[in-house]
Amino acid sequence: MKNYKESTLFLLPLINSEDCFLNKDEIITDDFISTYIKDNRFPLLENSIVLKYKGNNDKLEKFSEINRFWGKTFDMNGLITYHITLNEKLANTDYEKILNGDYSKLSLDSKYKIADFWNLNKYSFLWGVLFKTSFSKLIYLQYLRKFGIRAPQRTKFEYWIKPNLAKETYYS
């Protein structure tokens with residue numbers, strides 16, 4: 001799996017609903033740049049993400065027309081951004097958990113949406129982050145050790161870093 005930011009790994013799969021589903025290859029095309037969290041200093045923008053592309057994504061546009069929860073803008077460099085509000089049921093709880101780095105505390109519905117989107121199995125690291133497997137704990141602790149970061153002193157901690165909101169947030 002490519003080195004994606006936390007908003008791409010955990011929030012992007014949550015745009016799918018029971019009515020409409022896009023798989024990973026329909027969203028992450030060659031023109032895909034990244035996913036961002038909308039500037040959540042403003043209540044109107046909470047529970048929203050931005051998908052940035054070098055060109056159009058026709059599948060995403062059709063998906064968005066059906067769900068009617070998007071906007072599309074162009075910047076001076078010709079990059080296209082799609083603004084999407086997440087499913088309200090999920091957004092009220094899981095959006096904040098992801099922003100706080102509480103990945104294992106997500107609802108089962110969100111965990112399985114993320115797992116289905118990324119085609120995870122029970123032996124993948126990201127699955128272990130969501131479901132707190134001992135395998136993922138070992139990998140995470142090795143990662144921390146490799147970069148000279150001290151392991152958390154608490155007995156209960158997440159097996160993935162918290163999102164860096166300064167890098168993850170889209171300021172329009």
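Mentor: Start with Ile 149. This is a predicted model. Ile 149 is partly exposed, because its relative accessible area is 41%, a value between the 20% and 50% cut-offs. Ile 149 sits in the loop between helix H7 (134-146) and helix H8 (165-168). Together with Tyr 143, Phe 147 and Ile 161, Ile 149 makes a nonpolar surface patch of about 370 Å².

Now the rings. The count comes to 16 aromatic pairs. One of them joins Phe 125 and Trp 160. Phe 125 belongs to helix H6 (residues 125-131), while Trp 160 is in the loop between H7 and H8, so the pair ties together parts 35 residues apart in sequence. The two partners fall on either side of the 20% cut-off for burial. Phe 125 has a relative accessible area of 23% and is partly exposed. Trp 160, at 19%, is buried.

Other ring pairs build a cluster: Tyr 4, Phe 32, Tyr 53, Tyr 82, Phe 117 and Trp 118 are linked in this way.

Charges also meet rings. Lys 132 places its charged end over the ring of Tyr 159, 5.1 Å from the centre. Lys 111 lies over the face of Phe 131, with 4.9 Å to the ring centre.

Terms used
Residues numbered from 1 in each chain as written. Predicted model: local features only at pLDDT ≥ 70, side-chain atom pairs only at ≥ 80, totals over all residues. Heavy atoms only, no water. Patch = residues over 30% accessible without salt bridge, like charges linked within 9 Å, V, L, I, M, F, W, Y side chains within 5 Å. Areas by Shrake-Rupley, 256 points an atom, 1.4 Å probe, with all protein chains shown as cover. Salt bridge = Lys/Arg side-chain N within 4 Å of Asp/Glu carboxyl O. Helix = DSSP H or I, 4+ residues; strand = E, 2+ residues; numbered from the N terminus. Buried < 20%, exposed > 50% of the residue type's maximum accessible area, 1.4 Å probe, protein only. Phe/Tyr/Trp six-rings, centres within 6.5 Å; stacked < 30°, edge-to-face > 60°. Lys NZ or Arg CZ within 6 Å of the ring centre and 35° of its normal.
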